Protein chains: 2
Amino acid sequence: MIRPLVPRLAIIGAGLIGSSLARAAREKHLAGTIVVADADATVCARVRELGFANEVTQSAAEAAKDADIVIACVPVGASGAVAAEVGPHLKPGAILSDVGSVKASVLEAMAPFVPAHAHLVPAHPVAGTEFSGPDAGFATLFENRWCIVTPPEGADPAAVDRVVALWRAAGANVETMSAQHHDLVLAITSHVPHLIAYNIVGTAAELEETLTSEVIKFSAGGFRDFTRIASSDPTMWRDVFLSNREAVLEMLGRFTEDLTALQRAIRYGDGDALFEHFTRTRAIRRSIIEQGQETAAPDFGRRAAEKPKHEQS
Amino acid sequence: MIRPLVPRLAIIGAGLIGSSLARAAREKHLAGTIVVADADATVCARVRELGFANEVTQSAAEAAKDADIVIACVPVGASGAVAAEVGPHLKPGAILSDVGSVKASVLEAMAPFVPAHAHLVPAHPVAGTEFSGPDAGFATLFENRWCIVTPPEGADPAAVDRVVALWRAAGANVETMSAQHHDLVLAITSHVPHLIAYNIVGTAAELEETLTSEVIKFSAGGFRDFTRIASSDPTMWRDVFLSNREAVLEMLGRFTEDLTALQRAIRYGDGDALFEHFTRTRAIRRSIIEQGQETAAPDFGRRAAEKPKHEQS
Ligand SMILES: NC(=O)c1ccc[n+]([C@@H]2O[C@H](COP(=O)([O-])OP(=O)(O)OC[C@H]3O[C@@H](n4cnc5c(N)ncnc54)[C@H](OP(=O)(O)O)[C@@H]3O)[C@@H](O)[C@H]2O)c1
Ligand SMILES: NC(=O)c1ccc[n+]([C@@H]2O[C@H](COP(=O)([O-])OP(=O)(O)OC[C@H]3O[C@@H](n4cnc5c(N)ncnc54)[C@H](OP(=O)(O)O)[C@@H]3O)[C@@H](O)[C@H]2O)c1
């Protein structure tokens with residue numbers, strides 16, 4: 001047998017991302033042993049049934065013992081607690097990483113618990129769906145998607161390389177940047193889009209009852225796909241907005257200013273301003289298509305076609 | 001041969017919607033003769049090549065002569081001019097209709113030009129794509145989508161029935177309501193969603209150049225699908241916002257108030273308020289799925305899978 005990339009891989013949290021990574025590691029033989037930890041006994045039982053881990057435990061500390069790479073796959077707000085629990089058990093040379101959608105706050109929360117003999121290398125696979133839990137995951141989730149690795153200053157290059165190699169082997173394209181820069185880019189490409197989707201669905205929910213039922217009926221005019229995003233996990237997204245406050249508020253401020261200008265153009269009947277704005281935005285789309293970042297089926301960065309069964313259930 | 005639903009059907013404007021309706025009429029034998037009018041000689045030549053019309057002319061007046069139903073398939077802002085042109089040529093009992101995304105202003109603009117011996121029955125098929133022109137259309141566009149018919153007060157029931165029958169035969173489910181109510185429902189299900197999509201793409205386009213290029217690169221986190229909507233036809237959407245000003249400003253006002261509340265919750269770290277909001281929006285999505293208004297592949301109400309070739313070009 002070829003020596004696997006990671007002799008012992010510990011995944012803390014068997015949700016959508018954790019279970020997808022475990023499945024990818026299993027299918028692609030990336031780890032000698034895959035240990036999955038989840039605090040919930042029911043989830044552990046389900047993980048055993050699904051069979052994508054070699055070992056399953058309720059204890060993150062136990063999973064971290066002897067592991068070469070430990071990856072926290074929990075909501076951003078829980079990453080500090082996970083680091084506190086596993087930190088003391090990290091062996092010399094071990095790497096602690098995560099998959100959180102925000103990076104600066106995660107780095108700050110986890111760093112104090114990483115012993116000097118271990119390494120902290122946070123990462124964020126830019127891939128997901130609006131579903132949660134161990135049943136929602138699938139091995140191909142990261143295929144051809146970006147994974148952004150955000151090493152702290154002075155990080156051990158060999159440790160960074162190992163994390164990069166793991167994500168590449170899981171199918172992702174990897175890019176490295178600072179945590180701060182990651183948070184700014186993601187604020188505009190993901191966090192603010194999610195916030196405004198949650199918001200417009202909320203606005204519709206507040207309408208008079210009969211109007212809301214018509215909104216549901218005629219949702220195919222554009223609204224419907226906002227509801228898809230707005231059905232994403234509330235805990236995950238609460239944590240994202242609380243943890244990336246500064247960048248989100250900055251981008252939201254720009255968004256609101258721009259929206260006020262459009263609103264004003266509508267109020268005063270300035271058709272030229274509207275036309276000019278609606279023409280300018282087309283260039284961005286052209287670039288996205290040119291760079292091969294679009295798929296034929298729009299899916300909000302999600303592989304709906306691969307998991308349609310959730311939709312029908 | 002069975003007597004067709006419409007002996008002579010005139011379609012004014014051979015764009016996405018006009019050419020789709022002509023194609024549907026052709027495939028389903030809904031009309032004895034399909035006349036397509038488009039002011040642009042190049043478009044007329046292309047329509048002849050595509051072969052979905054029996055007659056093609058640059059003159060809307062000529063197309064309307066002897067027609068039983070005349071349907072204006074032009075931007076909302078041009079519907080008055082089309083009515084002015086075809087009105088004098090409508091034969092006794094003829095019906096003038098349209099497909100505009102806004103209804104009250106269209107009714108107001110067209111009504112003065114409809115002679116007493118003819119009928120005005122506006123309609124709006126809630127179906128479309130972000131593409132334009134005669135090549136973008138396809139016969140199945142209206143299949144299982146809603147078409148909203150908005151007869152003016154005192155409209156001839158038989159004339160309304162004929163328009164309803166035509167859209168049903170083209171594959172749509174038909175609902176009747178007042179123009180004002182239509183405009184309010186569509187403001188929240190379609191117009192405001194399009195506006196905020198245009199807006200966030202605009203905000204991204206205004207960022208520092210290097211940041212914009214990263215936004216394009218990592219667009220799969222949610223942003224990407226906003227760019228799809230924001231690549232819709234600028235003329236059509238300028239007209240929509242100018243014509244449905246009141247309802248759009250009303251819904252936009254509610255949207256902004258709600259967004260301000262979310263922004264405040266983020267600023268002051270009110271995780272409970274965020275969590276509560278993100279949970280509430282899930283109910284709306286459940287209803288949409290229960291009512292069968294969702295497809296496995298999210299597509300912003302668009303049949304992307306049927307027209308992927310535009311995407312690759
Ligand atoms: N979903 C996406 O689209 C996406 C994309 C990229 C990155 N991410 C990031 O991936 C991470 C996990 O998201 P997910 O989508 O996989 O969520 P998920 O399916 O809801 O799974 C969350 C996991 O975290 C565990 N957990 C929750 N609260 C915890 C706590 N206080 N302490 C310890 N463990 C806790 C859960 O344990 P139980 O089983 O006990 O509930 C579960 O195993 C998040 O940081 C998120 O930002 C998500
Ligand atoms: N696209 C959608 O998603 C959608 C969905 C439902 C309803 N609608 C409504 O359908 C209507 C047509 O939209 P579309 O998507 O089919 O647009 P389109 O593909 O751009 O076609 C527009 C058509 O209108 C003609 N036209 C433009 N300006 C005109 C003017 N001033 N006078 C006369 N004709 C003019 C164009 O003629 P040329 O060939 O000479 O340019 C073309 O034939 C709009 O009212 C829109 O609100 C659109």
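In chain B of this predicted model, β7(B) and strand β8 (residues 146-149) run antiparallel to one another and are joined over 3 bridges; strands count as paired if DSSP finds at least two bridges between them. Helices (H or I, at least four residues) and strands (E, at least two) are DSSP runs numbered from the N terminus. B:H124 has B:I148 of β8(B) as its bridge partner.

The pair belongs to an open sheet of 3 strands in the order β7-β8-β9 (chain B), with mixed pairing. Because β7 (123-125) and β9 (173-176) of chain B are edge strands with a single partner strand each, one side of each has no neighbour in the sheet. On average, neighbouring strands are turned by 20° against each other, direction ignored. Helix α6 (residues 157-169) of chain B packs on this sheet and touches β7, β8 and β9 of chain B, contact meaning heavy atoms within 4.5 Å. The direction of α6 makes about 170° with that of β8(B) (axes are lines fitted to C-alpha atoms, for helices over the stretch in contact, with angles from 0 to 180 degrees between N-to-C directions).

Turning to the ligand, polar contacts are pairs of N or O atoms within 3.5 Å. Oxygen atoms of ligand 1 lie 2.8 Å from a polar backbone atom of A:I17, 2.6 Å from a polar side-chain atom of A:D38 and 2.6 Å from a polar backbone atom of A:V74.

Residues are numbered from 1 along each chain as its sequence is written, with chains lettered from A and ligands numbered from 1 in the order in which they are written. Local features need pLDDT of at least 70, side-chain atom pairs count only at pLDDT 80 or more, and totals for chains, interfaces and linings use all residues, while side-chain values use heavy atoms, with hydrogens and water left out.

Notes. Polar contact = N/O pair within 3.5 Å; in protein donor to acceptor, adjacent residues only side chain to side chain.
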